[in-house]
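Here is a short briefing for a first look at this structure. Take a moment with the sequence and the fold before reading on.

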Amino acid sequence: DRAASAIIHEGRLLARVRHPNVVTIYGAEQIADRIGLWMEFVRGHTLEQILDHRNVVSATEAVDIAVELCRAMSAVHGAGLLHRDIKAQNVMRAEDGRIVLMDFGTGRELGDDSSSDLAGTPLYLAPEVLQGQQATVQSDIYSLGVLLYRLVTGSYPVHALTMRGV
């Protein structure tokens with residue numbers, strides 16, 4: 001089953017990364033018709049939930065978030081992976097204040113050209129990815145820039161109602 005293998009693939013990719021700012025995956029397995037993904041439970045709120053409540057964060061808070069996300073992305077990229085969907089819904093602020101990058105459902109190995117699927121959230125995607133090029137470390141960095149822009153302004157740097165408008 002395709003969904004099962006996607007979940008197991010995500011778990012096994014992410015299990016290669018051990019960093020306090022990246023959600024920890026302990027294991028992934030399919031037994032009969034059951035799929036298991038054992039991961040860290042992060043108690044807190046997504047950045048999207050924080051934005052829903054406050055609309056924006058201070059520049060100082062955005063810098064703190066940026067530093068932790070850059071550390072997370074460095075660990076992810078250092079493990080040979082791309083996230084491909086960095087956005088407010090996929091980042092949590094844990095109750096202890098730690099920023100945690102999660103949800104690697106569209107993640108890929110660096111240099112994996114076997115799939116040219118368009119993955120990610122359109123308003124966060126780098127222009128070259130929207131034009132059909134492969135995602136890269138730079139496109140993950142672009143998505144981080146969009147997220148930070150949104151955190152401090154409450155809006156996106158690009159406004160569009162359709163994919164063509166992005």
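The notes below cover the core, the strands and an aromatic pair.

This is a predicted model: local features need pLDDT of at least 70, side-chain atom pairs count only at pLDDT 80 or more, and totals for chains, interfaces and linings use all residues. Residues are numbered from 1 along each chain as its sequence is written, and side-chain values use heavy atoms, with hydrogens and water left out.

**Nonpolar cores**

- A nonpolar core is a set of buried Ala, Val, Leu, Ile, Met, Phe, Trp, Tyr and Cys residues joined through side-chain atoms within 4.5 Å.
- Buried means under 20% relative accessible area, exposed over 50% and partly exposed in between, with a 1.4 Å probe and protein chains only.
- The largest core holds 34 residues. Leu 47, Leu 69, Leu 101 and Leu 147 have the most contacts inside it.
- Elements giving two or more residues to this core are α1 (2-14), α2 (47-54), α3 (59-78), β5 (91-94), β6 (99-101) and α5 (137-153). Helices (H or I, at least four residues) and strands (E, at least two) are DSSP runs, numbered from the N terminus.
- The largest share, 7 residues, comes from α3.
- Beyond its neighbours within four places in sequence, Leu 147 is in contact with Leu 47, Leu 69, Ile 86, Lys 87, Ala 88, Val 91 and Tyr 124. Contact means heavy atoms within 4.5 Å.

**Strands**

- Two strands pair if DSSP finds at least two bridges between them.
- β1 (residues 25-31) and β2 (residues 34-39) pair in the antiparallel sense over 6 bridges. Gly 27 stands opposite Trp 38 in β2.
- These two strands form a hairpin with 2 residues between them. Ala 32 in the turn has a positive phi of about 55°.
- An open sheet of 3 strands runs in the order β3-β5-β6, with antiparallel pairing. Its edge strands are β3 (44-46) and β6.
- 3 bridges join β3 to β5. His 45 stands opposite Arg 93 in β5.

**Aromatic pair**

- Rings of Phe, Tyr and Trp (its six-membered ring) pair if their centres lie within 6.5 Å; planes under 30 degrees apart count as stacked, over 60 as edge-to-face and the rest as tilted.
- The count is 1 aromatic pair.
- Tyr 124 lies in the loop between β7 (108-109) and α4 (127-130), and Tyr 156 in the segment after α5, 32 residues apart.
- Tyr 124 is buried, with a relative accessible area of 1%.
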